[in-house]
Amino acid sequence: MTVINRIRRSMIFLNTQRAALVKDAFVYKPDCVILDLEDAVAAGEKDSARIQLYQTLKNVDYQGVERWVRVNALDSDLINEDIRAAVAGGIDGIRLPKTETAAEIQAVAKKIEAAEKEFGKKVGSTMMMAAIESPLGIMNAYEIATADKSRMMGIALSAGDFTRTMHAKRTVAGTELFVARSQLLMAARAAGIMAFDTVYTDTDNEPGFKKELQLIKDMGFDGKSCINPKQIGVTHEVFNPTVQEIAHAEHILEAVQNSKDNGVGVLTVDGKMVDIAWVEGSQRTLKLAKAAGIYKGALV
């Protein structure tokens, strides 16, 4: 898979100041780490966190785990130095919090480009992801998703501020987030980028976490933001295609190819009627399975 479309089932937030945590994060095998310079860092510790970020990026081998940084908000006086430290260290991508407009993405993209030039990085090599945390951001999700077609990898829902602004309460069913999730997901798909769900804060409630993971997988999300290493394996377990899903995808691709050869347009596979429209989903299932290391076939 290309870098922009690689597997990203799990993205775990790490407090950049906790050296023991950030240096060993790859042990838990997340798809991505998000080194946090925003909420996890106290106001008086931003400079030291930035130094720690740079040293971590330069000296820790993450063994293929993608490295992102959550910078401080655009309206802060911290973001310029956040971006400079991250780009100088060789970060894979910048996650912008509290995004509400396309203009904000474009402004940050200019800052990233300036840092790439300053530190001798290839212009355009640093990806971007927008965290959407407000009703205005949700209303502008498509414009945000298409604000920079060369850098934007995905958009992510951040439910804490969103529910607070909506005067809503977090519920087990997630009813209060259904419209926001749907609109964010549709914007991402229309823009051709990825979509990521918000964190699940009850880290001791594995059944509840699994239920929410299944919900967002069924909706079509690409992955989940995590806050505890023990959430990573569960996330991968739910997002990985099952043996039955892999076998069904193989059967569909084989049957559709055979039907083409025989001039048949609609056919029955594993007791279900399918046609050419099922091919893309089956290919996606096998690509995900191959990227996760659980499919060795040759159909994709």
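# Questions on a predicted model

Student: At about what angle does helix H9 run to strand E8?
Tutor: Helices (H or I, at least four residues) and strands (E, at least two) are DSSP runs, numbered from the N terminus. Axes are lines fitted to C-alpha atoms, for helices over the stretch in contact, and angles run from 0 to 180 degrees between N-to-C directions. Helix H9 (residues 206-219) lies across strand E7 (194-197) and strand E8 (223-226), and its angle to E8 is about 145°.

Student: For side-chain atom pairs, which pLDDT is required?
Tutor: Residues are numbered from 1 along each chain as its sequence is written, and side-chain values use heavy atoms, without hydrogens and water. The model is predicted: totals for chains, interfaces and linings use all residues, local features need pLDDT of at least 70, and side-chain atom pairs count only at pLDDT 80 or more.

Student: Is H9 parallel, antiparallel, perpendicular or oblique to helix H10?
Tutor: The axes of H9 and H10 (residues 230-239) come within 10 Å and cross at roughly 40°. Angles under 35 degrees count as roughly parallel, over 145 as roughly antiparallel, 65 to 115 as roughly perpendicular and the rest as oblique. Therefore H9 is, relative to H10, oblique.

Student: Which residues of H10 make the contact with H9?
Tutor: Contact means heavy atoms within 4.5 Å. On the H9 side, the contact is made by Glu206, Phe209, Lys210, Leu213, Gln214, Ile216 and Lys217. On the H10 side are Gln231, Val234, Thr235, Glu237, Val238 and Phe239.

Student: Why is the aromatic pair of Tyr200 and Phe209 tilted?
Tutor: Rings of Phe, Tyr and Trp (its six-membered ring) pair if their centres lie within 6.5 Å; planes under 30 degrees apart count as stacked, over 60 as edge-to-face and the rest as tilted. By this rule there is one aromatic pair. The ring centres of Tyr200 and Phe209 are 5.5 Å apart, and the pair is tilted because the angle of the planes is 40°.

Student: What is the order of the strands in the closed barrel?
Tutor: Two strands pair if DSSP finds at least two bridges between them. The barrel has eight strands with parallel pairing, in the order E1-E2-E3-E4-E5-E6-E7-E8.

Student: Are the residues Gly93, Ile94, Arg95 and Leu96 of E4 buried or exposed?
Tutor: Buried means under 20% relative accessible area, exposed over 50%, and partly exposed in between (1.4 Å probe, protein chains only). From E4, Gly93 and Arg95 point one way, and Ile94 and Leu96 the other way. On both sides, these residues are buried.

Student: What is the relative accessible area of His167?
Tutor: His167 lies in the loop between helix H7 (159-165) and helix H8 (178-191). Although His167 is a residue other than glycine, its phi is positive, near 60°. His167 counts as exposed because its relative accessible area is 74%.

Student: How far apart in space are Asn140 and Glu100, C-alpha to C-alpha?
Tutor: Asn140 lies in the loop between helix H5 (135-139) and helix H6 (141-145). Leaving aside neighbours within four places in sequence, Asn140 is in contact with Glu100 and Thr101. In sequence, Asn140 and Glu100 are 40 residues apart, while their C-alpha to C-alpha distance is 6.7 Å.
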